[in-house]
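Here are a few exercises to work through with the model open beside you. Try each one yourself before reading its solution.

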Amino acid sequence: MVYYVALPFIPIEGGLAPGEAVECPNGAAAIRRAHAMSFNDANAGAVAFSRSGDPNVGEFDDAVILKTFGKVPEDFTDSQQV
């Protein structure tokens, strides 16, 4: 099963911390949600990503970054950053 997620990042002293992730029905919705999250003054930026896996077993493949907005940790950056 593929999961689509929008994840904001909150500025903290010395860097960024992940905020509350939101599961979305598809990749386009995750991108739209992450874009909206990036406009929230409490967030430094946001990322939309997909991940395949089985929650019943707890096994997931690596995340695939769909798009990033604003400031996100380096390991979440992609070529489509806005």
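**Exercise 1.** Which residues does Ser50 touch, not counting residues up to four places away in sequence?

*Solution.* Before we start, a word on the ground rules: this is a predicted model, where local features need pLDDT of at least 70, side-chain atom pairs count only at pLDDT 80 or more, and totals for chains, interfaces and linings use all residues. Residues are numbered from 1 along each chain as its sequence is written, and side-chain values use heavy atoms, with hydrogens and water left out.

Step 1: find Ser50 in strand β4, which covers residues 45–54. Strands here are DSSP runs (E, at least two residues) and helices are runs too (H or I, at least four), numbered from the N terminus.

Step 2: look for contacts, meaning heavy atoms within 4.5 Å. Ser50 touches Val2, Tyr3, Tyr4, Asp62, Ala63, Val64 and Leu66.

Step 3: check the cover. Ser50 has a relative accessible area of 11%, so it is buried (buried is under 20%, exposed is over 50%, partly exposed is in between, with a 1.4 Å probe and protein chains only).

**Exercise 2.** Take Val64, and work out which residues it is in contact with, leaving aside its neighbours within four places in sequence.

*Solution.* Step 1: go to strand β6, residues 64–70, where Val64 is found.

Step 1: list the partners, which are Ala48, Phe49 and Ser50.

Step 2: The C-alpha atoms of Val64 and Phe49 are separated by 5.4 Å, though the two residues are 15 apart along the chain.

Step 3: see how open the spot is. Val64 has a relative accessible area of 46%, so we call it partly exposed.

**Exercise 3.** Find the aromatic pair in the structure and say which parts of the chain it ties together.

*Solution.* Step 1: recall that a pair of aromatic rings is described by the distance of the centres and the angle of the planes. Rings of Phe, Tyr and Trp (its six-membered ring) pair if their centres lie within 6.5 Å; planes under 30 degrees apart are stacked, over 60 edge-to-face, and the rest tilted.

Step 1: search the whole structure, and one aromatic pair turns up. Tyr3 and Phe60 form it, edge-to-face, at 6.0 Å centre to centre with 65° between the planes.

Step 2: Tyr3 is in strand β1 (residues 2–12) and Phe60 is in strand β5 (residues 59–60), so the pair ties together parts 57 residues apart in sequence.

Step 3: compare the cover. Tyr3 counts as buried at 15% relative accessibility, while Phe60, at 36%, is partly exposed.

Step 4: widen the view around Tyr3. Besides Phe60, its contacts beyond four places in sequence include Glu23, Phe49, Ser50 and Arg51.

**Exercise 4.** Is Phe9 buried or exposed?

*Solution.* Step 1: locate Phe9 in strand β1.

Step 1: read its relative accessible area, 2%, so Phe9 is buried.

Step 2: look across to Ala46. Phe9 and Ala46 are 37 residues apart in sequence, yet C-alpha to C-alpha they are 5.6 Å apart in space.

**Exercise 5.** How many helices and strands does the chain have, and in what pattern do they follow each other?

*Solution.* Step 1: count one helix and six strands.

Step 1: read along the sequence, and you get β-β-β-α-β-β-β.

Step 2: turn to the overall dimensions. The C-alpha atoms fill a box of roughly 35 × 25 × 20 Å along the principal axes.

Step 3: Of the 82 residues, 33% count as buried. Among contacts with a separation of 6 or more, 44% come from residues 24 or more positions apart.
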